[in-house]
Amino acid sequence: MADRSSTAPRREPELLPHQEPAVEKPARAPRNGWVGRPIERKEEQRHVRGRGKFIDDFKLPGMVHMCLVRSPYAHARITRVDVSEAEQHPGVICTLTGAEIAKLTTPYIEIGPDPSARIQDYCMAVDLARYQGEPVAAVIAISRGAAEDAAELVQVEYEPLTPVMSAEQALTDADVIHPAAGTNKVWQGTFEYGDVEQAFRDAATIVHIDRMHFHRFSSTPLENNAIIGHWDQRDENIRFWCNNSFPTIGIQLVAPALGVHIDRIRVETHDIGGSFGIKITNYPYMTLCALASRKAGGKPVKWTETRTEHMLASAHGNERTFLDTRVALDRDGVIIGIDSRHLDDCGAYPRYEPLGCVIWTQVFAGVYRFRNARINFSQAVTNKCPVGPNRGYSRMQQLWFLERCVDLCAHELGIAADEMRRRNYIRPEQFPYTTPNGCIYDSGNYPGMLKLAQERLGWEHWKKEQEKGRAEGRLIGLGIGTTLDSGTNNFGQSRIVNPHAPFSGNSQAANVKLDMYGEIVVSVGSVPQGQGHETTASQVVCDVLSVTPDMVTVRAGFDTERNVHTGHTGTYASQFAVSGLSAVHGAAQKLRKELLRLAAYALNAPEDQLELGIGKQGAEVRVRGTDRAINYWGLANIINVNNAGLPDELQDVTLNCRYTWRAPFKIPDLERKYGNLTLTYSSQLHIAVVEVDTDTGNPKILDYCAIDDCGVMINPRIVEGQVHGATAHGIGAALIENCAYDDSGNMVASTFSEYTPITSVNIPNVKYGNMETPSPHSYSGAKGMGEGGAAPVHAISAALQDALYPQGIYITESFNNGDSIFSMLAARRQGRSTAGVRTERRAK
Amino acid sequence: MYPRPFTYHRAASLKDAAATLAELGPEAKLLAGGQSLVPLMKLRLSSPAALIDVGHIQGLNYIRAENGAFRIGALARHTDMAQSAAARHVPILHDCAAGIADVQVRNWGTVVGSIAEADPTGDWAPVLLVLDTEVECLANHGRRSLGLAGFIQDAFTTALRPGEVMQELRVKATERGSGGCYLAFKRCAPVYASASVAVQLALEGATCRQARVALGAVALTPVVATESAKALEGSDLNAKSIARAAEAAAASCEPPCDGRGSTEYKRALIRKLFTQAVNVAARRARGESVEVSHHYA
């Protein structure tokens, strides 16, 4: 399945013509308005004052509570579930067991093809428990306390089975987790571009890396999953109040499982305390709440997840192992080919997977110029918590892999880390750049970011400190992490994992209207979790209508019945700044046109002499250079409540304007696995200076710099906040947070005392900087940037490598803490080799 | 996150608490700050049948310097200790109080409660062990006083008898020329230590006249490292003698290998923390004012 258009390895990709027509360029908005200003967030007041409305704050009449009984085993046959004693407990209304679930629902639709499509995933374990924490029974009672007391009375008998705890073990199929599928392999495919064999024949050096491993972690949103489900017996409609962050996907899975039409389901979201993608996969709990509500006689059922439940059984990020990696380099240290085998562990049920098996290819090439590469990618189920699209989803693993390759090669070849990257980066003049797999990088300037980061950090100062320190026996390292945050994805890439997947493109909808007294009301069906959508949407509208943010009300939050949405609506994958705000912009422009037409009639003046602005009576349209004006109240009045005698040519004016924005995507070439998968590519460049304590192995960050390029910033305050948040998440992942399991399948970090999510004492002062390469693919020049590519994980791995390379230690794990570094140092002192990296030099 | 059912009793006085405890038997527990007990109850890892709340008793949150001793009342919070003018002259107490978890925990949790819990990873026990600390206990039938070393018997186990409550801790004031330091390694702010070291030294000129060393989180109870202290005593605290004492401290414990790290890693932490703690304690003994902070991942 090689890229047919290539016949030889190419070192100078800039000579290639674009293999795909560039994305259609939208007209660029002017740059002197509200967009780009660091205004205070509209949401701040209510959140700082504790006035947000979260699902657990909702108390509905007649509401009852659900508590779940969960499997203590990672892998076991359920031989008996006895709920009789629990049902006798005071306050208990009913129970649900796996046997009932199997009768009441059908398994969720699997996204993957055969045989993984045959996996039977219900909202509760039916006959086999497949991860520690999987629900095996539910108790519904008049209070949460009564439900928890009764849940302890549910008797479950298990017959333990061999737990399958790694993708490598799973792929042997010695123990098959889903007998219906007959294999643990969820998906497998080879992504091959250019001429890999030729590249390796031409190589001056080949670096072999036996095994690298990207660990499991979670971004642990502050608010756990929470759902209220109500199966209304009067009209048989189902209503959910929940914090699912991608409800349109959620209901497309819940409705068929329940056997109901999707239009009978109403989903509402309100304030959400972080999701980071984790809450996309809480739909099994939505299903459970609906069934519990029906069995409880139509009472609303609330389920609020505990932190331990969240750690055990919500979702973790994808774990990935990279095997038998070979990197071909020319004599200048320029990478000309990569060949590798990647195994992804998706946990007990695929759920949103195997989409991750293609989503990483949005950044197949990372920030590098190589054209020849072959990656054999497999995904397997294991007896661990199912994965979910955690911040940096599926791309950060690939970016870390590439950064480790580049970094290890630099050390092996004796090329300085910064020089190695400069030699391999895609060059600024190459944008828009078509990657070997057909993705179009819209804009970027990686060498420029590196330069900025080095200046901001004081690279030269730290290099001297490192040298001085080495003379004193100190282990100091500088590490660079360059990453991409690909935003606004083309759902057509799902066809690469399953040609029958009924998804492609991307779209978002918005509505902007004048309400009856002239209020400007924006509706976006997005699902913000702290991203400040109300603020950024108002900034966009202000520029179109020449008003101020306090005059704009933004209704964010999903509501199937009452707010606008398309089938892609949700807040995920770094896209609101492009997809959501393009929709808001389109709707605001439609309203502006209507306002001008209407004002022209009301003021009896030609449209081209009118302007929008703020007058003595608020927002208005006036005749330029005069005091002849009509304010928004007057315009709204004409259309909404005073519309007799409206002339024929204005009959279509509603002042209630909806716009659906669609991304200009095509379906990728499935056979070649080729095409544009994402609209925008933000980039991040982080540098970490880390010292390793020679006695304890404890790493300490001495200095840290984060540069972000998301094109035109809608609100620089929000951008900076996102960078700090993503940096904290990444540092936590690199050094502290690990969803570790023991060999028996026990999740050993099931509380915050053990998982130790990062706190302020662990975070260094971050030297933040920004660079702007406007995107030609969005009207504003903005690029999505919420996830951040887990740059700290890459930068810290590289810094540790730099500190420890002279000790003969290779960093091949993404998670490194004092304990693990201590054992690597101890092993080296005893002369044991810690990892397999070897360099083959060829006479050229 | 709801505890199993329990009955709630609000004590009017410590005497009342002791009487209620005697009446309700071993299934009853005292509730003071609740920063350990409440989370354990929510996780249903601890399920007392009854709670006797002493939190509303007035006048028990004192920290007083009196007759050459500090008296720490049953309800003195970590924050009270961190802000105590009386304790300012014993910096090791401040090191410990200010480094416990986060501000919310410090505002609720009590020093006495932490000792009563006898968690092997708790912060207070090693600190109070290097000072002369007596535990004042109160029961229906009278009072008694125990040395802290004998009071802590095992992990989560103290010498408290049925019906007995802790009234106060009495810490002997340190002399001029004495200095201490407490340092822990914690993976993040609100968690228990992976390892901790408390050191209290008395200097005579440049020579260490007396040393006390206690280690936390490296055994089922805090470890009083006598050999390590002996290695310091009589020395002028040069790098070599400190290194020897650090080695003795590491050898005096058998840290459990767990999610916080391997046995040898924790021994390395002990050596590191010990070395810094001795240096800080010595400087403080010489009258210097030295600020320290725990080590975090």
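This is a predicted model: local features need pLDDT of at least 70, side-chain atom pairs count only at pLDDT 80 or more; totals for chains, interfaces and linings use all residues.
1. Cavities in general. The count of cavities of 30 Å³ or more comes to eight. The largest cavity has a volume of about 150 Å³.

2. Lining of the largest cavity. In total, 24 residues line the largest cavity. Those nearest its centre are A:Ala726, A:Thr727, A:Glu787, A:Gly788 and A:Ala790. By class, the lining has ten nonpolar, eleven polar and three charged residues.

3. Elements around the largest cavity. Three elements of chain A each supply at least two residues of this lining: strand 26 (678-692), helix 19 (716-735) and helix 21 (791-804). Helix 19 of chain A gives the most, with seven residues.

4. Helix 19 and helix 21 of chain A. These two helices, both part of the lining of the largest cavity, also pack against each other, with their axes 7 Å apart and at an angle of about 45 degrees. Helix 19 of chain A and helix 21 of chain A are therefore oblique to each other. Their crossing is right-handed.

5. Residues of that contact. Helix 19 of chain A contributes A:Ala726, A:Thr727, A:Gly730, A:Ile731, A:Ala733, A:Ala734 and A:Leu735, while helix 21 of chain A contributes A:Pro792, A:Val793 and A:Ile796. Eight residues of the contact are nonpolar, two are polar and none is charged. A:Ala726 and A:Thr727 belong to this contact and are also among the residues nearest the centre of the largest cavity.

6. A packing between chains. Helix 22 (residues 818-829) of chain A packs with helix 11 (residues 263-285) of chain B at an angle of about 100 degrees, and the axes are 9 Å apart. The angle lies within the range of 65 to 115 degrees, so helix 22 of chain A and helix 11 of chain B are roughly perpendicular to each other. On the side of chain A, the contact involves A:Gly818, A:Asp819 and A:Phe822; on the side of chain B, it involves B:Glu264, B:Tyr265 and B:Ala268.

7. Strand 8 (205-214) and helix 22 of chain A are the elements that give two or more residues to the lining. The largest share, five residues, comes from helix 22 of chain A, the helix that also packs with helix 11 of chain B.

Conventions
Residues are numbered from 1 along each chain as its sequence is written. Chains are lettered from A and ligands numbered from 1 in the order in which they are written. Side-chain values use heavy atoms; hydrogens and water are left out. On a 1 Å grid over the protein atoms alone, a cavity is a set of points where a 1.4 Å probe fits but cannot get out, and a pocket is an open set with protein on both sides within 12 Å along at least five of seven lines; lining residues have an atom within 4 Å of a point. Grid points are joined across faces, edges and corners, and a volume is the space filled by probe spheres set on the points. Helices (H or I, at least four residues) and strands (E, at least two) are DSSP runs, numbered from the N terminus. Ala, Val, Leu, Ile, Met, Phe, Trp, Tyr, Cys and Pro count as nonpolar, Asp, Glu, Lys and Arg as charged, and the others, Gly among them, as polar. Axes are lines fitted to C-alpha atoms, for helices over the stretch in contact, and angles run from 0 to 180 degrees between N-to-C directions. Angles under 35 degrees count as roughly parallel, over 145 as roughly antiparallel, 65 to 115 as roughly perpendicular and the rest as oblique. A crossing is left-handed if the near helix is turned anticlockwise from the far one by less than a right angle, and right-handed if clockwise. Contact means heavy atoms within 4.5 Å.
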